[in-house]
Every structure is written in structure tokens, then in C-alpha cells.
Amino acid sequence: AFGVIADIQFADAEDGYDFGGCRRRYYRNSLRLLREAVLAWAGESPPIDFVVQLGDSIDGQNARRGEAESALQQVLEVLGQLSVPVHHAWGNHELYNFSRARLVHTGLYSRPAGGSDGPPDRECHAYHCSPAPGLRLVVLDTYDVSTLGTDPGSPRYQVSLQVLREKNSNDDLNNPEGLKEPHFVAFNGGFSQAQLDWFDEVLKFSDEHQEKVIVTAHVPIHPGASNGVCLAWNFEAALSVVHSHRCVVCVLAGHLHDGAYCLDSHGVHHLTLEGVIETPPESNAFGTVHVYEDKMVLKGRGRIPDRVMHF
């Protein structure tokens with residue numbers, strides 16, 4: 001069993017609204033909801049084995065306020081009350097607050113120190129582990145190719161900007177209006193070929209050892225678990241890797257605060273979790289997933305509905 005939560009986006013700030021100005025965001029309250037989630041997970045029976053935090057743990061406005069470090073510290077302190085490991089995906093809001101080079105030295109860097117469990121690039125926050133016999137968890141980095149958190153003079157930035165510019169002709173690169181492929185916006189990102197090759201090797205190993213694989217990422221990789229905008233740039237490439245193997249049973253993502261779900265044509269479940277940040281104080285948005293031989297059962301809280309996902 002494991003806990004799941006997405007898009008906490010904590011900031012010690014008054015409530016505000018999304019970029020469209022119509023959806024309320026409860027910045028300060030999100031930390032209280034996280035505390036509730038941690039208390040609930042601590043009381044689970046049977047106990048949970050780990051927690052997956054699907055990215056955007058703190059809000060981008062912390063950078064402008066000079067509060068990135070303190071906001072992150074407060075979130076990590078709450079999660080630190082758990083006696084189990086927490087696996088972190090990196091989201092766009094982490095990269096509004098910190099460079100990739102800095103994130104490597106924060107508590108959000110949950111990639112194990114050994115080095116053999118992820119791509120050669122140590123700043124790529126992708127890795128895998130086996131939390132139970134026959135089960136593998138893969139954390140993907142959906143901002144491996146991105147203009148966020150990178151030095152504008154670096155090759156990573158230049159390549160990413162070129163990808164964006166080819167697909168997005170708007171002055172504001174966060175604006176999807178009028179685009180044929182509206183997911184090519186700066187608040188999304190993509191996968192490098194090196195990460196995709198590594199991902200393919202991990203799934204090959206799991207196929208050979210008859211493991212079941214749960215993939216986690218901040219940005220969805222299937223259009224059916226998205227609104228068409230909140231989608232990884234080269235999602236087709238990632239899906240192609242997933243579909244060329246038999247082992248993946250579920251892909252968990254955040255980023256789209258409304259949440260979404262689809263069962264794809266290969267029988268893989270794609271579950272995008274509702275975000276804590278847009279959850280009103282009297283509700284919540286987290287869950288506990290129980291994994292069995294033939295299914296995963298999500299026990300949702302607040303905005304997150306219960307769900308049974310058969311393999």
C-alpha cells in the first residue's frame with residue numbers, strides 16, 4: 001500500500017486564483033491538508049510502505065517572495081513525520097523556485113545515491129526501485145527537456161527552447177491559444193532520448209522478471225488522462241516505450257488540477273490526481289493505493305474518488 005498526493009503548491013500567502021483568474025487557489029491551507037493526509041497515512045492499517053508526491057509541492061510565487069527555501073522546508077517537515085520513504089516527482093513549480101542543479105541538493109531529490117538506478121545524467125530526476133517483490137516503481141522526469149530551471153546559456157536550455165519555438169508561435173510561451181498542438185507550452189516539458197532509452201531498459205528487465213510496474217510523473221503522458229494542454233511534449237515517445245512492454249499496469253500523474261482517468265488501448269491505467277492547491281478547506285485531495293496481484297484499489301479522500309483498476 002502507498003499514499004499518493006499531487007500539486008500541494010504551498011505558499012505562506014493569501015488565497016489567490018489561477019492564471020485565468022477564475023479558479024481559487026488555497027495557498028496557505030494546502031499545508032494543513034497535507035498534515036491531514038500525513039496523519040491519515042500514519043494511521044492506515046495495514047500500514048503504507050511509501051508515499052508518492054507527484055510534484056508542485058510548493059508554488060512558484062515563493063521565488064518572487066524570497067521564500068522558496070522556507071516553504072520547501074515546511075512541506076518537507078510535514079512529510080518527514082512519516083516513517084516511510086517519500087518518492088518525489090519534479091514539477092514546473094519546483095523549477096520556478098530552484099534550478100535543477102539546486103534541486104539535486106534538496107530533500108526533493110529522492111533518486112538513490114548509488115547511481116545505477118537512473119539515467120547517467122545525475123540532474124535527470126528519473127529512477128526506479130522495487131518496493132515489494134514482483135513490483136517496480138519508476139519515477140520519470142517530465143522536465144528533462146525544458147526551459148525551466150536551466151541556465152539560458154546551457155545546451156539543455158537551447159535544445160528545449162528550439163523544441164518550443166518550432167511548435168509555439170505565441171509571444172507568451174505559456175499560452176496554448178491557437179496552437180495545433182496546445183501541449184507545447186513552457187509549463188510542460190519532455191523526455192530526452194537518454195531517459196527514454198533508460199526507461200526502455202528498465203521495462204525490459206521487468207518484463208523478463210515478470211514484474212508489475214507503476215510509473216509516476218508530474219505531467220500526464222496520455223491525452224485521455226489530460227485536458228489536451230497538460231501533457232508531456234513528446235508523450236507519444238514515452239507511450240511507445242510503455243506499450244512495447246507488458247509490465248506497466250498504471251501511470252500516475254499530477255499537473256492537471258481537475259484530475260482525469262483513462263484505460264488505454266493496451267490495458268494501461270492512466271490516473272491523473274486532483275490537485276491539493278484548488279481543494280477548498282473543508283475537503284481534501286489525497287489517497288491510499290492498495291496493490292494486489294490482479295488489481296490496484298485507490299481509496300480516495302475528499303475530491304479524489306475511489307477507483308478499482310484491474311490488470
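A cavity is a set of grid points where a 1.4 Å probe fits but cannot get out. The views below come from a predicted model.

**View 1. The largest cavity and its lining.** About 30 Å³ of space lies in the largest cavity. The count comes to one cavity of 30 Å³ or more. Its lining is made up of P220, I221, H222, A225, V251, A253, H270, L271 and T272. Strand 9 (248-253) and strand 11 (269-272) each supply at least two of the lining residues. Strand 11 gives the largest share, three residues. By class, six lining residues are nonpolar and three are polar. No charged residue takes part in the lining.

**View 2. A tilted aromatic pair, W90 and Y109.** The whole structure holds four aromatic pairs. One of them joins W90 and Y109. The two rings are 6.2 Å apart, centre to centre, with 45° between the planes. W90 lies in the loop between strand 5 (86-88) and helix 4 (92-97). Y109 lies in the loop between helix 5 (100-103) and strand 6 (127-132). The pair therefore ties together parts that are 19 residues apart in sequence. Both W90 and Y109 are buried.

**View 3. A stacked aromatic pair, F184 and W233.** The ring centres of F184 and W233 are 6.2 Å apart. Their planes meet at 25°, so the pair is stacked. F184 sits in the loop between helix 6 (155-167) and helix 7 (193-208). W233 sits in the loop between strand 8 (212-216) and helix 8 (235-243). The pair links distant parts of the chain, 49 residues apart. F184 is buried, with a relative accessible area of 6%. W233 is buried too, at 3% relative accessibility.

**View 4. The hairpin of strand 13 and strand 14.** Strand 13 (residues 295-302) pairs with strand 14 (residues 307-310) in the antiparallel sense. Four bridges join the two strands. Together they form a hairpin, with four residues between them.

**View 5. Cysteines without a disulfide.** A search of the whole structure finds zero disulfides. C129 is in none, and the nearest cysteine sulfur, that of C247, is 14 Å away. C129 counts as buried, at 19% relative accessibility. A disulfide needs two cysteine sulfur atoms within 2.5 Å. The sulfur of C262 is 10 Å from the closest cysteine sulfur, in C250, so the gap is too far for a bond. C262 is buried, with a relative accessible area of 11%.

Note on methods: Residues are numbered from 1 along each chain as its sequence is written. This is a predicted model: local features need pLDDT of at least 70, side-chain atom pairs count only at pLDDT 80 or more; totals for chains, interfaces and linings use all residues. Side-chain values use heavy atoms; hydrogens and water are left out. Buried means under 20% relative accessible area, exposed over 50%, partly exposed in between (1.4 Å probe, protein chains only). Two strands pair if DSSP finds at least two bridges between them. On a 1 Å grid over the protein atoms alone, a cavity is a set of points where a 1.4 Å probe fits but cannot get out, and a pocket is an open set with protein on both sides within 12 Å along at least five of seven lines; lining residues have an atom within 4 Å of a point. Grid points are joined across faces, edges and corners, and a volume is the space filled by probe spheres set on the points. Ala, Val, Leu, Ile, Met, Phe, Trp, Tyr, Cys and Pro count as nonpolar, Asp, Glu, Lys and Arg as charged, and the others, Gly among them, as polar. Rings of Phe, Tyr and Trp (its six-membered ring) pair if their centres lie within 6.5 Å; planes under 30 degrees apart count as stacked, over 60 as edge-to-face and the rest as tilted.
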